[in-house]
Amino acid sequence: MKLNALANSVRLAIIYTPVIITGLITAAQAADPCKSTDSMTYVCSGSETSGIDLAGSSLNISTVPGFGVDTTEANAIKLTNSGGDLILKDENQSQIIGGDAGITAINDSSATNMMISTSGHVNGGSNAVYAQNSGTGATVITTTGTINSGNVGINVINDSDTKGLTIITDNEFGVGKDAINATNNGTGATVITTTGTINSGNVGINAVNGSHTPGLTIATDSTFGVGVDAIKATNNGTGGPTVTTSGNISSGRHGIYVNNDTTATDITINSSSDIGVGGDGINTTNNGSGMTEINISGTVSGGHGIYAV
């Protein structure tokens, strides 16, 4: 009887041990929200409460329906790319919320292009989307859905070896400071196109061209309700800025503010917007070698209405 009891206990131990091992393997697999077979291409799924941090070269990330990240950690999604293109494509209306940033994307000096597209709700305490391209290619940011942040909605920096910077949005912005903050020090033009609604505590669209950047184009039919300037374009580059607006503009200071440095050329503004502001409806300073052309068909009200020097 004692031998039989001992044998039974041994058999039970043998049967039980694989169950524990199998459970551990399943839990480890479930903890990985982004699957990859080559350490470059990732497909992200599931609803996550922890941030996702991916680093490598030629990163290519996509999502499936139902994916989302809602975390108090600094970054909901952080991507660090050390060669080739960085691509993040979300076509599934994902909710991406981080304590400091919804999405942080970084191209180092050995990388090339950066392409970020979102279609859902992106939120971060400091930046909803933060992108810095120190590589040799272009940067393209495309967003639809909603953008919320305590500070900046979309914050993009192109370093000096990059090419063009393109931002295309169809969003409802609700942010504490700037809705779009674009700094382009590259050798390609800056192009910003927006639709939707832009509500911000400071500037709606804030675009700055560095000394080697050849052009700056802003085209928007967004409706603006902002604390300071609806559109602020600072051109330190070699080309001339063109600003085209059609949506209603309400701001605490200027509606459209454009400044050309000495290396720049023409300033062109085409506006069919109704502009009601606390400062000047349109304020331009052209220190460049070209002319200033302002064409309006909407109503402009403010301190000077239109002020151009």
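## Disulfide, core and ring contacts

One disulfide (a pair of cysteine sulfur atoms within 2.5 Å) turns up in a search of the whole structure. This is a predicted model, where local features need pLDDT of at least 70, side-chain atom pairs count only at pLDDT 80 or more, and totals for chains, interfaces and linings use all residues. Residues are numbered from 1 along each chain as its sequence is written, and side-chain values use heavy atoms, with hydrogens and water left out.

The disulfide joins C34 to C44. C34 lies in strand β1 and C44 in strand β2, so the pair ties together parts that are ten residues apart in sequence. Strands are DSSP runs (E, at least two residues), numbered from the N terminus. The link of C34 and C44 is right-handed. Both C34 and C44 are buried (under 20% relative accessible area, 1.4 Å probe, protein chains only).

| Item | Value |
|---|---|
| C34 to C44, S to S | 2.1 Å |
| C34 and C44, about the S-S bond | 105° |
| R253 to ring centre of Y257 | 5.9 Å |

The largest nonpolar core has 54 residues. Such a core is a set of buried Ala, Val, Leu, Ile, Met, Phe, Trp, Tyr and Cys residues joined through side-chain atoms within 4.5 Å. I61, L79, I167, I192, I218, F224 and I256 touch the most other members. Strand β16 (residues 165–175) gives the most to this core, with four residues.

Leaving aside neighbours within four places in sequence, I192 is in contact (heavy atoms within 4.5 Å) with residues including I167, I205 and I218.

R253 lies over the face of Y257. That requires CZ of Arg within 6 Å of the ring centre and within 35 degrees of the ring normal.

Definitions and conventions
Buried < 20%, exposed > 50% of the residue type's maximum accessible area, 1.4 Å probe, protein only.
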